[in-house]
Amino acid sequence: MTAKTDETTETAKTAGTAGTAANARAPRRTGRARTPLLYVIASVALLVMAAPFLWMALSAFKTKQDLTASPPVWIPSRWTLDNFTSLLDQLDMPQYFLNSLIVAVLVTVSNLLFCSMLGYALAKLDFTGRSKVFAVVLAALMVPGNLMILPLYVLMNGLGLIDTYAGLVLPFAAGAFGVFLMRQFTLSVPDELLEAARLDGAGEWYIFWRIVIPLVKPALATLTIFTFLGSWNNFIWPLIATNDPDKYTLPVALATFANDPNRTVGGGNGMLMAGSLLVVLPVLAVFAVLQRHFTQGIATAGLK
Amino acid sequence: MSLTTGPAAPQAAAVDKSPHGGGKSGRTRRGNRSLSRHNLTGWLFSTPFLVLFGVFMLFPIVATLLMSFTDFGARNVTRPLEAEFVGLDNYTQLFQDDKFLKALFNTGYFVVVGVPATILLGLLAAILLNNGIDRARTLFRVGFYAPVVTTIVAVAVVWRFVLDPSDGLIASLASEVGLTAPDFLGSETWAMPSLIAMAVWRNLGTVMVLCIAGLQAIPAEVREAARLDGAGVWQELRGITVPLLRPTLLYATVITTIGYLNVFEEPFVMTQGGPSDSTLTVSLDMYREGFNFFHMGYASAMAYVLFVVIMGITVLQLRLLKDNTR
């Protein structure tokens with residue numbers, strides 16, 4: 001927020017727009033009376049939104065008895081790490097974690113590089129066919145991912161890339177959304193700056209790397225978060241592109257375990273909650289820290 | 001927390017309102033000198049994306065279309081060129097396939113119920129958090145948005161327990177007040193609404209964030225004027241907020257619709273399409289035909305039918321969007 005909001009509802013309404021102080025002096029017919037009620041409504045809604053997470057987190061520490069208790073207990077009567085230890089016994093969680101991490105890092109790095117390059121070209125370089133390239137990017141934004149998975153599987157299989165990191169990374173190595181985002185941000189870089197550098201004899205790569213990249217860092221931060229999370233949470237392609245459990249990503253391993261009929265019912269459920277918590281926790285932590293960039297990215301995409 | 005005051009986001013977005021015209025504006029007059037100088041560089045900077053796009057998107061998109069006219073099956077995975085051309089057989093078969101028609105219906109059900117619910121609740125959350133809450137804003141926004149960023153599989157796993165008829169969360173709450181909750185995921189009537197509820201829970205945060213950004217772009221003076229004229233909460237909502245938020249709402253509708261037409265993970269993890277195919281969606285049906293039965297030609301036809309539906313609906317919605325912002 002630009003404006004330091006005071007305690008009134010009315011100020012909150014206008015705080016995000018221009019931050020002009022004048023707005024705070026509007027008549028407040030409805031303000032105070034409405035506020036406590038709104039907080040009650042919002043808190044109830046927040047509780048509903050958070051309930052599954054709370055349930056997940058608490059259940060991960062429950063004993064078998066607590067897990068199958070009827071009516072269910074929210075707070076474990078005895079806190080235990082058994083679910084985590086038997087999960088780590090039965091599933092190679094560190095390996096899945098590593099797989100998810102490697103794939104997400106590679107996807108993110110390649111997106112940052114390729115999307116910012118094309119974003120720069122589309123925003124700042126006049127070249128024949130530029131509008132066509134941009135049209136391709138926009139069209140690619142609209143194509144649903146499921147449309148290409150069948151031949152993609154055949155292709156990857158033909159290339160021998162099933163059960164490899166390359167097979168998991170390559171289809172997501174440069175996304176249209178990233179190009180779009182980077183182009184929009186790069187447009188705001190002043191042309192004069194680039195022209196001045198060109199007059200000084202700087203090459204385009206130098207200009208891109210030394211001038212543009214530092215100026216579009218906020219966009220790169222947004223893109224990093226989106227791409228990393230997108231990859232971390234991706235499910236359908238890793239499900240298809242891996243047969244060897246050693247190459248499963250976390251969601252695939254978790255889904256396989258969840259749908260395994262041999263999973264023992266009581267304790268298995270606790271392990272499932274523990275596993276879900278391990279998958280979700282890093283994501284929630286990252287999100288809580290960087291949520292400003294997230295919401296900014298979403299908002300930017302929406303304002304196009 | 002800040003939506004509109006970030007260093008670059010809104011400005012960058014605002015610079016070029018018309019993506020289609022963006023390529024030419026302002027620079028062409030400087031002429032051929034700079035054009036020729038940037039030709040090679042422009043293409044060099046474009047090449048990595050275009051190569052990846054060509055190999056991993058364009059080729060599969062075209063290949064899916066070609067495959068949809070063949071009997072592409074398990075043996076063709078290693079010998080793709082031996083697939084037989086069967087013309088429109090897959091497509092004609094699709095529209096006589098009760099299972100596919102049911103999947104199509106289920107997907108439509110998901111969209112028709114899920115999209116309005118997601119948009120409405122997301123909008124309400126945005127208005128609530130933008131207009132009524134200024135303490136602990138971040139907490140509320142993180143809470144509402146958190147489901148969006150979490151791994152769907154983990155979330156689905158938890159929801160299975162929330163919906164469990166014997167010791168699930170909802171069942172136990174219901175029994176507290178003397179009601180019996182249905183076997184949500186085991187009932188043909190309730191399975192789909194349950195998945196929709198979960199999808200709404202998961203996606204309303206996106207709509208909320210978009211709407212908050214939209215709300216904050218509405219000039220404060222407009223609201224002030226309305227309030228000075230004595231407009232109540234409801235009048236302000238109907239007369240100002242919703243009309244001015246229309247582009248945002250339509251954009252949110254478009255992306256939510258596309259997402260829901262592709263719905264796959266929820267039924268895959270929660271119900272496997274059951275009971276009795278009541279939660280079988282087009283994407284899940286395609287996955288099964290393609291990767292469980294290796295009827296890849298048939299599954300490709302399915303993918304294209306879905307694609308055409310998505311394109312049709314998207315174009316329709318985008319046309320609405322244009323008409324309303326003019």
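Predicted model: local features only at pLDDT ≥ 70, side-chain atom pairs only at ≥ 80, totals over all residues.
Okay, so a residue is called buried when its relative accessible area is under 20%. Keep that cut-off in mind for what follows.

Let's start with A:Thr249. It sits in the loop between helix 13 (236-241) and helix 14 (250-258) of chain A. Is A:Thr249 buried or exposed? Its relative accessibility is 5%, so A:Thr249 counts as buried. And what does A:Thr249 touch, leaving aside its neighbours within four places in sequence? That would be A:Tyr96, A:Asn99, A:Ser100, A:Leu168 and A:Pro238.

Now for the two chains together. Chain A puts 125 residues into the contact, and chain B puts in 123. About 11200 Å² gets buried between them, with carbon and sulfur atoms giving 72% of that. On chain B's side, helix 2 (residues 32-67) brings the largest share, 25 residues. If you sort that side of chain B by type, you get 73 nonpolar, 35 polar and 15 charged residues.

Last stop, the core. The largest nonpolar core has 191 residues, and those with the most contacts inside it are A:Phe235, A:Trp237, B:Phe144 and B:Met296. Helix 8 (residues 191-217) of chain B supplies the largest share of this core, 15 residues. Take A:Phe235: beyond its neighbours within four places in sequence, it contacts A:Pro251, A:Val252 and A:Ala255 in chain A, and B:Val153, B:Phe264, B:Glu265, B:Phe268 and B:Val269 in chain B.

Notes: Residues numbered from 1 in each chain as written. Chains lettered and ligands numbered in written order. Heavy atoms only, no water. Contact = heavy atoms within 4.5 Å. Buried area = accessible area lost by both parts, 1.4 Å probe. Helix = DSSP H or I, 4+ residues; strand = E, 2+ residues; numbered from the N terminus. Nonpolar A, V, L, I, M, F, W, Y, C, P; charged D, E, K, R; others polar. Core = buried A, V, L, I, M, F, W, Y, C linked by side-chain atoms within 4.5 Å. Buried < 20%, exposed > 50% of the residue type's maximum accessible area, 1.4 Å probe, protein only.
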